[in-house]
Amino acid sequence: MVSPHAEGVATLQSMTRTALITGITGQDGSYLAELLLDKGYRVVGMTRRSSTDTRERLTHLGDRIEIVQGDLLDQASLVAALRVAQPAEVYNLAAQSFVPTSWNQPVLTGEFTALGVTRMLESIRQVDPAIRFYQASSSEMFGNITESPQNEGTRFRPRSPYGVAKVYGHFVTVNYRESYGMYAVSGICFNHESPRRGLEFVTRKITDGAARISLGLRQQLQLGNLEAHRDWGFAGDFVRAMWLMLQQDEPQDYVIATGEMHTVREVCEVAFSHLGLDYSDHVVIDESLIRPAEIDRLLGNPGKAKRQLGWEPEVSFEELIRMMVDADVERLRVNPEPVPTAVLPLPHNLSRTG
């Protein structure tokens, strides 16, 4: 096993490595791209052909990233992308990750989030089975939990089509590892946020709403279940764990979490108080925002990752929420755009995938 604290040596070894990132335009993809570029990687992002530009999270990286086209629904395009990029590592972060949408589009969610993993693994097996593969698994797989905190051995009981699809992706990754000897691992990531989080996710919905209220751009914020408990961390910390997982001698799966649990109500308290506001004066409960099958409590045990990877989260819960609030205030001061559709009353998302 690689020494948990040998990141510097691994960085030198990785100077000529190429990494292919699916979902590079998302929150996690952008932070991972930054990390790998800093470590000397050639970074290639895989995106679907689209008539709209979705690369705003990558603009600050300029031309340091190469882009290839590929689609998790089309295995031939994945084979082509792998042959063009010739990566040593593949990070599969792409998925249909908005939990409420998974109820409205369960088949499409399965195609992307479940079968898409199989297509990528099979493509790697055909092109170069020596490629190391990271699969973004999710704490949503635990669902109706049987123990707390949850670790790598906790039983999966998913409560949404998204969670079910993630379980499939997780186990097919294990299957390819055990059946073909491939270096294929899954990071079971608990909720992780940042200023780059999409506005449809509850943490960002709250920080954006608090910022708008503080600037006089709106009066109220509609939310659902304030008592849902989650283990929230910073996305920039989590991508370090993703990279470390592919640097070990033996492929293993890991829970990536902070080991601390907070409620949606606490997110509101930190966000609004940071702006000198009382959330109870502005937050309105809307029953229509509560999921059909809610998960009340998720708390991860990152002990294995801490011991074997030498990984530790660096940004606290309070620091994370304040960071997000400050970024939203700065953004809205420059461009006080109308409330986007993503933060109008719709079932908000508590899932972690970026």
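Tyr180 is partly exposed, at 43% relative accessible area (buried is under 20%, exposed over 50%, partly exposed in between, with a 1.4 Å probe and protein chains only). The model is predicted, so local features need pLDDT of at least 70 and side-chain atom pairs pLDDT 80 or more, while totals for chains, interfaces and linings use all residues. Residues are numbered from 1 along each chain as its sequence is written, and side-chain values use heavy atoms, without hydrogens and water.

Tyr180 has a ring partner, Tyr176. Their ring centres lie 5.1 Å apart with planes at 55°, so the pair is tilted (rings of Phe, Tyr and Trp, the last by its six-membered ring, pair with centres within 6.5 Å; planes under 30 degrees apart are stacked, over 60 edge-to-face, the rest tilted). Both residues sit in helix α6 (residues 161–180), four residues apart, or about one helical turn. Tyr176 is buried, at 8% relative accessibility.

The whole structure holds eight aromatic pairs. Tyr31 and Phe234 form an edge-to-face pair, with centres 5.5 Å apart and planes at 75°. Both are buried. Ring pairs also link Phe142, Phe156, Phe171 and Phe190 into a cluster.

Now the helix packing. The axes of α9 (residues 264–273) and α11 (residues 317–334) come within 9 Å and cross at roughly 60° (axes are lines fitted to C-alpha atoms over the stretch in contact; angles run from 0 to 180 degrees between N-to-C directions). Glu266, Val267, Val270 and Ala271 in α9 meet Phe317, Glu318, Ile321, Arg322 and Val325 in α11 (contact means heavy atoms within 4.5 Å; helices are DSSP runs of H or I, at least four residues, numbered from the N terminus).

Methods. Helix = DSSP H or I, 4+ residues; strand = E, 2+ residues; numbered from the N terminus.
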